[in-house]
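Please keep the sequence and the structure open while reading.

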Amino acid sequence: MLAPSLAPLLLTGLTLPLATAQDLPTFTPSFPSPWVSGGPGGWDEALARARDFVRNLTLTEKVNLTTGTGNQADLCTGNTGSVPRIGFRGLCLQDGPVGVRYTDLNSVFPAGISTAATWSRSLMRRRGEAIGQEFNDKGVDVHLGPVVGPLGRDPAGGRNFEAFGPDPYLSGVAVAETIEGTQSAGVVASVKHYILNEQEHFRGGISTNIDDKTMHELYLWPFADAVRAGVGSVMCSYNQINNTFGCENSYVLNKLLKNELGFQGFVISDWGAQHSGIDSANAGLDMTMPGDGPPGNAYGSYWGGALTEAVLSLAVQSWRLDDMIIRIMAAFYKVGRDPTTQIDINFSSWTTETEGPRYWAAKMGNTTVNKHVDVQGDHAELIREMGAKSIVLLKNVGGALPLVKPESIAVIGEDAQDNPDGPNGCVDRICNNGTLAMGWGSATAEYPYLIAPATALEQQAELDGTAFVNIKNNFDLETARTAASSASVALVFANADAGEGYTTLDGNFGDRNNLTLWKGGDELIEAVSSVNPNTVVVIHSVGPVLIDHIKTNPNVTAILWAGLPGQESGSSLTDVLYGKVNPQGRTPFTWGKTADDWGVHILFNSTSPQPQQEFSEGVFIDYRYFDREEIEPSFEFGFGLSYTNFTYSDLTVTSQDAEPYQPSSGETPAAPLYGGSDQDPTHALMPEGFEKIPRMIYPWINSTDIPDGTGSVPDGAHNRSAQPILPAGGAPGGNPGLYTVLYVVGMDITNSGEVAGTEIPQLYLSHGGPTDPKVVLRGFDEVSLEPGETKTVTFNVTYRDLSNWDVDAQDWRVTEYPKTVFVGASSRDLRLQKEWTLPRLRV
C-alpha cells in the first residue's frame, strides 16, 4: 500500500459512453453512522474499557488517534498519532496477508488462494495464529489482512491470489478462521478490501455497479462471516460502489456494515482511498491512512486539524468522533492489548539498516530503527505442511505419481529455480525470476529464505541415488528436449503471476492480460512432452490458467497446481511428488478452457474518468456460471485427486428442533455522550513552543475562526436519537437467527484405496428457484482415513444456508421451492443427494 496512485490509468482503446449523473446507478444514502453497542465474544468488556479510555481524552487527542501521521512519517506502513499525556504511543498498522511486510527475520506463509486450496479449517486457523504471533512480536497492533475483496469475480483479477477464491462460503470460512487465529495472538485483524474492488485497472475511479441481491448473496457474505468472527477492523476500498467512493459510501458503511452486520470495530481507509473529510466521517469512516490529503490542503490531510475544525464547526458531531475512538479502542482491547504493555515497534518499514531516521519522510530522529527481532518460531513446519496440503493434483495417469526412486529425473524450467538476484531481489516481488511463491504488491513480505523446487528435488535425488539433471532456461527448447528425452520422468515447471495495480510487470498492470502461462511455459511443456511420455507438469500460479491442451496431452501423465506456497515451496512440492504427503488440495476456483468461459472480463480500456462496470451477471460467477451455461470446464471447482480412493454412502438429513426465524426489531439506544465536548477553539491550537516534525500530520487547528459547518451536512447525519434495528441485523454478523442449525446432514466416507489419505467431502445445496444457481457450496470437511477405514461425517445446515435475500423484505427468506442437498468430491462430482421441502421455515 506504499503510496499507490489514485489516478486511474487512461488507456487507449475501447471508449465507454459517458452517462449523465441521473443515469448512473446509486444507493440510497444511510445516516446517521451507527454507534457501537457491544456484543458477545468480548465486545461488551472491550467496549466498557474503551469508554473509560475515551472519557479521559481531549478533542485533539481523539482526532490524533483517527488520523495517520502521514506516508513514511513513522516506523510502520501506517501509524496513528499518539497520546503522550497518558503514555499511549498510538497504533502501528502493517501489511500484509502473507507475513510482516518491510522487515526481516519473519516468515512468508502461503498466499490466501493456496490457503483456501487446503480446505482445512485447522490449517486456516493455525496460519492466522502464526501470522498474528509474528506481527505481535514485531510490535504491530493492526494486521492489514486477511482479504476477501476481491472475491475473484474475474480470474484475471490482479489481487485474487490474496483472497480465498470466488466462492463466498469457502471464503467466509477461511476469513473467519484466519481472523480468530490472528486475534487470538493479540493483534487486531483488518479484513479488506470492502467492497467490490474486483480489478486493478481504474481501481481509483471505477464504479462497480451491483444490485442488492447480488451484494448480499455473494460479495457481502464473507464480510458477514468476518464480522461474526469478531474482526476488529474493516478496510474500505479504492473503488466506487454504485458511484460513491467506498470510504465515503454511507450505504455500504453505515447501513450494510455497521447496521445490518452489526460491526463493532473501526473502518479504516485503504492508503489514499479517502476522498473527503466531513463526508467520509459522517458516512462511517473511523480512521484514515496514511493520513495525507490532497495537495494544497491547509492541514496536509482530510482529517487531522481539518477534522478538529469539523467537530468545532459542528459539521461532525462530537458523539460521532467519540464513536470513532471507541471503535478503535474497543478493537484494541478486545484482542487483549493494553496501552501500558504494548511491545515496542522494533523495525522500520523504510530502511533495512540498523541505524537510521525514525521519522523517515523528515529524515529526522536518528536512532536504532531495526532491532532485527527473529519472530519465526517454528512456523516453517506449518508453512511446509500447508504448502504440501494446498497442492492440487489435477491429473495422474497410470500411477505416475508418487515417484518411487526413479532411475533419472530431469527438472526443467525457470519456475523450478532460485532467483539469481535472491528471493527478495525485486522490491515488492515485482519480477518473475525463478520460482513463483507469492504475487506482487503490498501483499508481500521479505523471504527469510525460499527453497526452490530444483533444490529440494536434487536433495531427494541424491538420497535415492537418482540421476538428476536441471535445465534452468525456458527458451532453450533444444536443450530441454535433450535432457527430457533420456529421463525416466521429466518434471517441467511453468507459472503465471499477477499483483497490485500500482506498477506493471511484463505489460500486466496488476490484472493479467490473459490466462496463459508466462515466459513461454506452454511452448516449454510442449517441447518436453514431445520427447518424454512421462512428463509431469507443475504450475505455480495466482489462479487458473488455460491448460486443457496440457490435460489432454497423452504424454503428460500428471499435473499439479502448486499455487503460491511461500518459503518452503520446494520442500512442500517434494513431499507430495514422493508420497510423503498424500495430496488433499482441492481447487478453490474453476479452470475453464477459454477465457470466455467465465462470462466476465476485466475492463482494460476506458477514456472516462469514472468508468462504469456493471455486475450484470449477478451471483453467477465461477462454477455457478459454468453450471448455468452448461460449460464443461477443464477442472471444476472443488476438484482434486488423491493417491487413494474414497467411497460415499448412507446420506441422512435430520431436522433439528429449532425456533422459527424472527426478523430483528426494536431500536438501538441513543448515541451516548461522554462528558460533553470542549468546543473552545483556543484549546485546539498547537501548544506554544511545540516544534513540528516536517511531513507529520497533527490534530491542531490553524485558526480560532471556525465557521458554522452544519449547513452542508446530509439529512440525518446528526441524528443521535434511537435508531431502528434492521430485520437482518441485531448482532455481529447479522440476525442471530441466521445461524440457527435447522438440519444436520450425515454420510459415511470410506477409504477404498491402498494408502492413507485425506478426503474433502463437500456439501452443496440447490435452493430450487428458477433464477437460482444449480448448486452452491454450504459445507465441507477434512477427513483423514486409513485404508479400509470408514468415518461418519456431519454438516450443520443453517437458516442462512437455506435462504435467499429478499429485496422487498430486506431480509433473508427461505423460498417455497424444494431444496436438494448434495454431497460429493467436487461441484460436479455429486455422489449423494436428497430432496426435501421446508414449508414451516417460511416467515
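A disulfide is taken here as a pair of cysteine sulfur atoms within 2.5 Å. The model is predicted, so local features need pLDDT of at least 70 and side-chain atom pairs count only at pLDDT 80 or more, while totals for chains, interfaces and linings use all residues. Residues are numbered from 1 along each chain as its sequence is written, and side-chain values use heavy atoms, with hydrogens and water left out. Helices (H or I, at least four residues) and strands (E, at least two) are DSSP runs numbered from the N terminus. Buried means under 20% relative accessible area, exposed over 50%, and partly exposed in between, with a 1.4 Å probe and protein chains only.

**Disulfides overall**

- Searching the whole structure gives three disulfides.
- With bonded cysteines counted along the chain, the disulfides follow the pattern 1-2, 3-4, 5-6.

**Cys-76 and Cys-92**

- The sulfur atoms of Cys-76 and Cys-92 are 2.0 Å apart and form a disulfide.
- This link of Cys-76 and Cys-92 is left-handed, with -100° about the S-S bond.
- Cys-76 sits in the loop between α2 (59-66) and β1 (78-79) and Cys-92 in strand β2 (residues 92-94), so the bond ties together parts that are 16 residues apart in sequence.
- Cys-76 counts as buried because its relative accessibility is 0%, and Cys-92 is buried with a relative accessible area of 0%.

**Cys-236 and Cys-247**

- Cys-236 is joined to Cys-247 by a disulfide, with an S to S distance of 2.1 Å.
- The link of Cys-236 and Cys-247 has 110° about the S-S bond and is right-handed.
- The pair connects distant parts of the chain, eleven residues apart: Cys-236 belongs to strand β6 (residues 233-236), and Cys-247 to the loop between β8 (244-245) and α8 (250-260).
- Cys-236 has a relative accessible area of 0% and is therefore buried; Cys-247, at 1%, is buried too.

**Cys-426 and Cys-431**

- A disulfide is formed by Cys-426 and Cys-431, whose sulfur atoms lie 2.1 Å apart.
- With 100° about the S-S bond, this link of Cys-426 and Cys-431 is right-handed.
- Cys-426 has 11% relative accessibility and so counts as buried, and Cys-431 counts as buried at 14%.

**Helices α12 and α17**

- Two packed helices are described by the angle between their axes and the distance between the axes.
- The axes of α12 (residues 379-389) and α17 (residues 569-577) come within 8 Å and cross at roughly 50°.
- At this angle α12 is oblique to α17.
- Axes are lines fitted to C-alpha atoms, for helices over the stretch in contact, with angles from 0 to 180 degrees between N-to-C directions; under 35 degrees counts as roughly parallel, over 145 as roughly antiparallel, 65 to 115 as roughly perpendicular and the rest as oblique.
- On the α12 side the contact (heavy atoms within 4.5 Å) is made by Ile-383, Arg-384, Gly-387 and Ala-388, and on the α17 side by Ser-571, Ser-572, Asp-575 and Val-576.

**Helix α15**

- Which residues of α15 are buried? They are Gly-521, Asp-522, Leu-524, Ile-525, Ala-527, Val-528 and Ser-529.
- Seven of the nine residues of α15 (residues 521-529) are buried, so this helix is largely enclosed by the rest of the structure.
- The buried residues of α15 pack against β13 (408-412), α14 (477-485), β15 (489-496), β16 (535-541), α16 (548-551) and β17 (556-561).
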